[in-house]
Amino acid sequence: MGKSREINQDIRKRIVPRSSVQTIIRKYKKHGNVQPSYRSGRRRILSPREEPEDLVKMLAETGKTVSLSTVKRVLYHHELKGYSGRRKTLLQNHRKKARLQFATAHGDKNLDFWRHFLCFFLKCM
């Protein structure tokens, strides 16, 4: 018997295992396409943001008026955390003005000034 020849890396990368091919064929025959399924299980009807609002409506129907923040607080107390963070502007107006003043005051400086400025600033942090 002769010595077997080694397969180069390009051909090895193109080889697909037989089980993978069989799985793809089976999926195509069953569903008609080979797109990946998104998730298993039932999809949620309400998003986490809508759940407290739905509870407020349900309590209003029973005759109890409760604010949305109260419902969120009670859910949080029972370790049911479905909240979103507070949205805050990244730059406030007074900081924007300060940056604009700095840029106009130092806009005509040469490249050596900025290199020195950045090196000094980064070392201090």
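Visitor: Which helix gives the most to the nonpolar patch?

Guide: A patch is made of residues with over 30% relative accessible area and no salt bridge, and its nonpolar side chains (Val, Leu, Ile, Met, Phe, Trp, Tyr) are joined within 5 Å. This one covers about 470 Å² and consists of Phe 102, Phe 117, Leu 118, Phe 121 and Leu 122. With four residues, the biggest giver is α6.

Visitor: What kind of model is this?

Guide: Local features need pLDDT of at least 70 and side-chain atom pairs pLDDT 80 or more, while totals for chains, interfaces and linings use all residues, since the model is predicted. Residues are numbered from 1 along each chain as its sequence is written, side-chain values use heavy atoms, without hydrogens and water, and the model is predicted.

Visitor: How many helices does the protein have?

Guide: Helices (H or I, at least four residues) and strands (E, at least two) are DSSP runs, numbered from the N terminus. Along the sequence the pattern reads α-α-α-α-α-α. There are zero strands, and the number of helices is six.

Visitor: What share of the 125 residues is buried?

Guide: Buried means under 20% relative accessible area, exposed over 50%, and partly exposed in between (1.4 Å probe, protein chains only). Areas come from the Shrake-Rupley method with a 1.4 Å probe, and for residues only the protein chains shown count as cover. Of the 125 residues, the buried share is 2%.

Visitor: Is Phe 121 exposed or partly exposed?

Guide: Phe 121 is found in helix α6. Because its relative accessible area is 42%, Phe 121 counts as partly exposed.

Visitor: Which two residues meet in a salt bridge?

Guide: A salt bridge is a side-chain nitrogen of Lys or Arg within 4 Å of a carboxyl oxygen of Asp or Glu. The whole structure holds one. At 3.8 Å, N to O, the pair is Asp 112 and Arg 115.

Visitor: Which residues form the negative surface patch?

Guide: Asp and Glu count as negative, Lys and Arg as positive, and His and the chain ends are not counted. Like charges are joined within 9 Å, each placed at NZ of Lys, CZ of Arg, CG of Asp or CD of Glu. One member, Glu 61, lies in helix α3 (residues 50-62). The members are Glu 50, Glu 53, Asp 54 and Glu 61.

Visitor: Where does Arg 99 lie?

Guide: Arg 99 gathers with Arg 86, Lys 88 and Arg 95 in a patch of positive charge on the surface. Arg 99 is exposed, at a relative accessible area of 55%. Its place, at residues 93-106, is helix α5.
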